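Biologist: Show me the model, please. I want to know what stands behind each label you use.

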2 protein chains.
Amino acid sequence: MIDDRATGPQLSRGEFGLLLLGLLGRREMYGYEIVAELRRTSEGAIDLPEGTVYPALRRLERDGLIGGNWVEVGSGAPRRRYYRLTLDGERALADGRKDWLRFRDAADAVLG
Amino acid sequence: MIDDRATGPQLSRGEFGLLLLGLLGRREMYGYEIVAELRRTSEGAIDLPEGTVYPALRRLERDGLIGGNWVEVGSGAPRRRYYRLTLDGERALADGRKDWLRFRDAADAVLG
DNA sequence: TCGGTGTACCTAGAGTCTCTAGGTATCGAG
DNA sequence: CTCGATACCTAGAGACTCTAGGTACACCGA
């Protein structure tokens with residue numbers, strides 16, 4: 001009766017948000033670090049600009065999936081806003097992971 | 001110097017368009033058929049509504065990646081618009097496939 | 001004959017997201 | 001003193017997805 005699509009519409013709408021959840025599921029991180037980390041570990045395959053990442057983090061926080069707190073690093077360095085998953089965020093990550101696997105396999109079947 | 005991202009911005013922006021190219025790379029198809037085919041073969045993992053597919057096909061045609069032609073089926077059945085890849089479309093599919101693989105692996109590394 | 005279902009196309013508009021292109025501020029190196 | 005790095009931010013344009021309809025015809029069952 002009701003549709004079973006957990007990601008709301010489809011994947012790919014909040015796909016980048018899911019990626020951020022995935023990173024934060026590993027450890028606390030701050031925005032600038034996330035940008036650099038994605039660029040580095042994906043060798044450019046995922047190159048989200050700051051203008052994408054910061055708003056996405058704010059949306060995730062607004063939606064209660066992550067929580068952030070300011071950390072002073074001292075000695076004139078800019079303060080950082082570290083984010084971590086909330087309980088809702090962990091659930092969303094688990095669901096999103098399942099959706100990603102399903103979507104990935106279906107897309108692979110088409111693009112294989 | 002220049003960025004090497006073939007899919008314009010990132011993947012996922014035109015990700016569904018790429019999926020359509022992938023399908024049409026196999027054989028000629030018409031919109032209604034594509035909707036049903038995706039739903040069926042992906043077992044619901046990709047469930048693009050008509051309101052997504054038809055405009056996407058028109059964009060791809062507008063951009064010269066696919067070409068469509070009307071086919072009368074006869075006996076009162078609605079006519080169908082069959083689409084096939086253009087040469088530009090085949091190139092875009094080949095590029096998009098590479099991007100997809102890179103993106104997929106990077107996302108798997110994060111979500112794995 | 002009337003309503004429902006299936007085929008097959010279409011669109012307007014709302015909502016959401018991504019990206020560009022800036023901006024702020026501080027520090028250290030050259 | 002200018003440049004690059006660190007870190008954050010935003011406005012606005014543009015693009016896309018989805019909802020929720022609509023058109024038109026044929027067929028089938030009650």
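Biologist: Leaving aside neighbours within four places in sequence, which residues is B:R104 in contact with?

Modeller: B:R104 is in contact with A:W100, A:R104 and A:D108. Contact means heavy atoms within 4.5 Å. Before we go on: this is a predicted model, where local features need pLDDT of at least 70, side-chain atom pairs count only at pLDDT 80 or more, and totals for chains, interfaces and linings use all residues. Residues are numbered from 1 along each chain as its sequence is written, chains are lettered from A and ligands numbered from 1 in the order in which they are written, and side-chain values use heavy atoms, with hydrogens and water left out.

Biologist: What makes you say that the copies meet through the same surface?

Modeller: 100% of the interface residues of chain B are also interface residues in chain A, so the surface is the same.

Biologist: Why are α4(A) and α1(B) called oblique?

Modeller: Their axes come within 8 Å and cross at roughly 40 degrees. Angles under 35 degrees count as roughly parallel, over 145 as roughly antiparallel, 65 to 115 as roughly perpendicular and the rest as oblique. The two helices are therefore oblique to each other. Axes are lines fitted to C-alpha atoms, for helices over the stretch in contact, and angles run from 0 to 180 degrees between N-to-C directions.

Biologist: Which residues of α4(A) and α1(B) meet?

Modeller: From α4(A) come A:F103, A:A107, A:V110 and A:L111. From α1(B) come B:E15, B:F16, B:L18, B:L19, B:G22 and B:L23. By class, this contact has 8 nonpolar, 1 polar and 1 charged residues. Ala, Val, Leu, Ile, Met, Phe, Trp, Tyr, Cys and Pro count as nonpolar, Asp, Glu, Lys and Arg as charged, and the others, Gly among them, as polar.

Biologist: What about α2(B) and α3(B): why are they called oblique?

Modeller: α2(B) (residues 31-41) and α3(B) (residues 50-62) have axes that come within 10 Å and cross at roughly 130 degrees. The pair is therefore oblique. The contact is made by B:G31, B:Y32, B:I34 and B:V35 of α2(B) with B:E50, B:V53, B:Y54 and B:L57 of α3(B). These residues divide into 6 nonpolar, 1 polar and 1 charged.

Biologist: How do you know whether B:I34 is buried or exposed?

Modeller: B:I34 has 0% relative accessibility, so B:I34 counts as buried. Not counting residues up to four places away in sequence, B:I34 touches B:L20, B:L23, B:L24, B:M29, B:V53 and B:L57.

Biologist: Which residues of α2(A) are buried?

Modeller: They are A:G31, A:E33, A:I34, A:V35, A:E37 and A:L38. Their cover includes α1, β1, α3 and β3 of chain A, together with α4 of chain B.

Biologist: A:E37 is a glutamate; why does A:E37 count as buried?

Modeller: The relative accessibility of A:E37 is 12%, so A:E37 counts as buried. Leaving aside neighbours within four places in sequence, A:E37 is in contact with A:L23, A:R27, A:M29 and A:S42.

Biologist: What makes A:E43 stand out, and where is it found?

Modeller: A:E43 has a positive phi of about 50 degrees although it is not a glycine. A:E43 is found in the loop between α2 and α3 of chain A. A:E43 has 66% relative accessibility, so A:E43 counts as exposed. In chain B, B:E43 also has a positive phi of about 50 degrees. At 68% relative accessibility, B:E43 counts as exposed.

Biologist: How many helices and strands has chain A?

Modeller: Chain A has 4 helices and 3 strands, in the pattern α-β-α-α-β-β-α along the sequence. Of its 112 residues, 43% count as buried.

Conventions
Buried < 20%, exposed > 50% of the residue type's maximum accessible area, 1.4 Å probe, protein only.
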